[in-house]
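Trainee: Could you show me how to read helices, sheets and salt bridges from a model?

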Amino acid sequence: MSAATTRSRTPDRLCAEAVDLARAAAEEAAAPGVVGEHAGLVSEGDRVVTHFFECKEPGYRGWRWAVTVARASRAKLVTLDEAVLLPGPDALLAPEWVPWSERLRPGDMGPGDLLPTDAEDLRLEPGFSGEDEPAPNSAVSEEMAELAEAEDADVTAGPPRNLPTAPSRGSVAAVAEELGMGRARVLSRYGLHTAADRWEEAYGPQTPMAQAAPASCVSCAFLVPVGGSLGQAFGICANEFSPADGRVVSLAYGCGGHSEAAVMPKPPQPAPPVVDETRVDPFPLRPAPDSGSVPVTDDETAELGHS
C-alpha cells in the first residue's frame, strides 16, 4: 500500500476538527432547525474531509447533510467545499424510475389511449416497399415495355392508350393493397415468436386445463383456423362454454368442452298415450259406504270405528 493511499484514508486533523464550520454551512443551506447532531466524518483524500449531520426534515428519514471541507498544502486555514443532502444507508428513497414503455402492462390501455411504437421496434419490419419500382413482370415495368416494342405489339384505339399513367387498379400498389400487403410495417420474425410464446403460455399444452383435457384442440369442431404462418400452430376457440372462448389457443391445448369429448345420447321418448274413445269408465262422485276398512254400524255415537 502506498503512502499516498495511507494518508488519504486518515482524516486530516484540522479538517476533522472543523465541525462548527461544517455545521454553519449546513444550516445556511438547509431550513432552520432541520440540521441534527454530528453523525461522523469520512476522509475523501489528502486534506479533504466530509462531515455528516442528521436531517430532521419530515419525509427525509435516514438522509444526512454532507459538508465537505478542505485545506491547502501547508495551510492552516480550512475552507468550505460544498454542502449537499445525501441519502444514508437506511434512507427512505423513492423507487427507481422506470420508463413508461417498460411500465406498461397488457390491459392498461383504455378508450382514447395511444400507444406509439418505436421506429426501431424489433417486433416490426418494413412491409411492401415496391411501389416506386414495379415488379419485373408488371405491365408498367421497363422490361415489359421493351418486350412489347420488340414484338411490334400494337395498342388498339381506345381510352387506355390515351391515359398518361397506368390504371390504378393494375398498379403494383393496388395489387399489393388487395393482397393485404399495403401496410407500412408488418410483424417481424421476432414479433411472431414473441406472440407465439405469449399465446402458448396462456393457452398451451402445459396449462393445467390442457393436461386434464380428454383431447386436444386440433380435433375439436369449435376450433376456427387462422391464416398465415401462425395458423400452423394456433387457432381461435369458438366454444362459448370454454374458458378460452374467443382466444387464440394452441392446437395442442384442450379443455372439457371438446366437441368429441362425450356425445350425449338422445333421451328416450315415451310412447304416445292410447286413448280409447269407445269406452266409458265410470268415476263415482262419493266413495261407497263399505269401501273403507271400518265396518258400517248403526251406532251414531261410534265415530270413526272407536268405542
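Predicted model: local features only at pLDDT ≥ 70, side-chain atom pairs only at ≥ 80, totals over all residues.

Trainee: In what order do the 4 strands of the open sheet come, and what is the pairing?

Mentor: In general, strands of a sheet pair through backbone hydrogen bonds, either parallel or antiparallel. Here the order is 1-2-3-4 and the pairing is antiparallel. Strand 1 (35-45) and strand 4 (79-87) are the edge strands, each pairing on one side only. On average, neighbouring strands are turned by 20° against each other, direction ignored. Looking at one pair, strand 1 and strand 2 (residues 48-55) are joined over 6 bridges, and G45 has V48 of strand 2 as its bridge partner.

Trainee: What does helix 3 lie across?

Mentor: Helix 3 (residues 19-29) lies across strand 1, strand 2, strand 3 (63-70) and strand 4, and runs at about 115° to strand 1.

Trainee: Which residues of helix 3 are buried?

Mentor: The general idea first: an α-helix has 3.6 residues a turn, so residues three or four places apart point the same way. In helix 3 the buried residues are A22, A25 and A26. Down the helix axis they fall within an arc of 100°, so they line one face of helix 3. These buried residues pack against strand 1, strand 2, strand 3 and strand 4, while D20 and E28 are exposed on the other side of the helix.

Trainee: What do the buried residues of helix 8 pack against?

Mentor: They pack against strand 6 (185-187) and strand 8 (234-237). The residues concerned are G191, A195 and A196.

Trainee: Are D12 and R71 buried or exposed?

Mentor: Both are buried. R13 and E17 also meet in a salt bridge, at 3.5 Å from N to O, and both of these residues are exposed. D121 pairs with R123 at 2.8 Å between the closest N and O atoms; D121 counts as buried at 15% relative accessibility, whereas R123 counts as partly exposed at 41%.

Technical notes: Residues numbered from 1 in each chain as written. Heavy atoms only, no water. Buried < 20%, exposed > 50% of the residue type's maximum accessible area, 1.4 Å probe, protein only. Helix = DSSP H or I, 4+ residues; strand = E, 2+ residues; numbered from the N terminus. Contact = heavy atoms within 4.5 Å. Pairing = 2+ DSSP bridges. Axes fitted to C-alpha atoms, helices over the stretch in contact; angles between N-to-C directions. Arc of directions from axis to C-beta. Salt bridge = Lys/Arg side-chain N within 4 Å of Asp/Glu carboxyl O.
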